[in-house]
Amino acid sequence: MSTSSEHTDASLPAAPTPQWLRDRLTKAGLRATRQRLLILERVVVAKGHPTAEQVHRQVLTYDATVSLGTVYKALDSFVTLGLCKRVPTAEGACRRYDADCSTHHHLYCSNTQEIIDYCDLQLDALIREFLETRGFQNFRPRSFSLHITGERADSTNEQQ
């Protein structure tokens, strides 16, 4: 079992260069505008799984003219084109984003709202086997991501 909030897709650099960002956008079919470059960079370097509002606050430190609407629109297009994933939360109140598009699962702490990346090849094999043996009619899974909600043992003490 490997749980880590530092889990990262091997294709994601810790500090993306402007050229790497441009290449990602153009390969996805988007123009590499200054605003998109800033938004993509903030999602890639963000610790955890930021909300659009958190990305927006970070982008504002570089360009005060970028609106929250622009950030939402860019993030939605990034999700559609596979540059990042939308990660659900148990409450569903906010959209969180993950630049790591590799296969992994998420543990969601309902006390701290932290999302922790989780990888386990044995679990992946069990899920694949389960889906194959159930033989869902007219449905072939292409991918899956498990989302588990709970509380970190150390966060329950902090809440009291």
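Colleague: What do the buried residues of α4 pack against?

Modeller: They pack against α1, α2, α3 and β3. Here buried means under 20% relative accessible area, exposed over 50% and partly exposed in between, with a 1.4 Å probe and protein chains only. Contact means heavy atoms within 4.5 Å. Helices (H or I, at least four residues) and strands (E, at least two) are DSSP runs, numbered from the N terminus.

Colleague: Before we go on, what should I know about the model?

Modeller: It is a predicted model, in which local features need pLDDT of at least 70 and side-chain atom pairs count only at pLDDT 80 or more, while totals for chains, interfaces and linings use all residues. Residues are numbered from 1 along each chain as its sequence is written, and side-chain values use heavy atoms, with hydrogens and water left out.

Colleague: Thanks! Which residues of α4 are buried?

Modeller: V71, A74, L75 and F78. Looking down the axis of α4, these buried residues fall within an arc of 100°, so they line one face of the helix. The arc is that of the directions from the helix axis to the C-beta atoms. On the other side of α4, K73 and T80 are exposed.

Colleague: What span should α4 have for its 13 residues?

Modeller: At 1.5 Å a residue it should span 18 Å, and the end C-alpha atoms of α4 are 18 Å apart, which agrees. The expected span is 1.5 Å times one less than the number of residues. After α4 comes G82, with a positive phi near 80°.

Colleague: OK, over to α2 and α4. At what angle do their axes cross?

Modeller: Roughly 70°, and the two axes come within 10 Å. That makes α2 roughly perpendicular to α4. Axes are lines fitted to C-alpha atoms, for helices over the stretch in contact, and angles run from 0 to 180 degrees between N-to-C directions. Under 35 degrees counts as roughly parallel, over 145 as roughly antiparallel, 65 to 115 as roughly perpendicular and the rest as oblique.

Colleague: And which residues meet there?

Modeller: From α2 there are Q35, R36, I39, L40 and V43, and from α4 there are T70, V71, A74, L75 and F78. The residues of this contact divide into seven nonpolar, two polar and one charged. For those classes, Ala, Val, Leu, Ile, Met, Phe, Trp, Tyr, Cys and Pro count as nonpolar, Asp, Glu, Lys and Arg as charged, and the others, Gly among them, as polar.

Colleague: How do α1 and α2 pack?

Modeller: At about 105°, with their axes 10 Å apart. α1 is therefore roughly perpendicular to α2. On the α1 side the contact is made by P18, W20, L21, R22, R24 and L25, and on the α2 side by R36, L37, L40, E41 and V44. Those residues divide into seven nonpolar, no polar and four charged.

Colleague: Is L40 buried or exposed?

Modeller: L40, which lies in helix α2, counts as buried at 1% relative accessibility. Leaving aside neighbours within four places in sequence, L40 is in contact with L21, R24, L25 and F78.

Colleague: What covers the buried residues of α3?

Modeller: The cover includes α2, α4 and β3. The buried residues of α3 itself are A52, V55, H56 and V59. Down the axis of α3 they fall within an arc of 100°, so they line one face of the helix.

Colleague: Changing topic, what is the phi of Q113?

Modeller: Positive, about 65°, although Q113 is not a glycine. Most residues other than glycine have a negative phi. Q113 is in the loop between β4 and β5 and is partly exposed, with a relative accessible area of 36%.

Colleague: Last one: how many helices and strands are there in the protein chain?

Modeller: Six helices and six strands, running β-α-α-α-α-β-β-β-β-α-β-α from the N terminus on. Buried residues make up 32% of the 160 residues in the chain.
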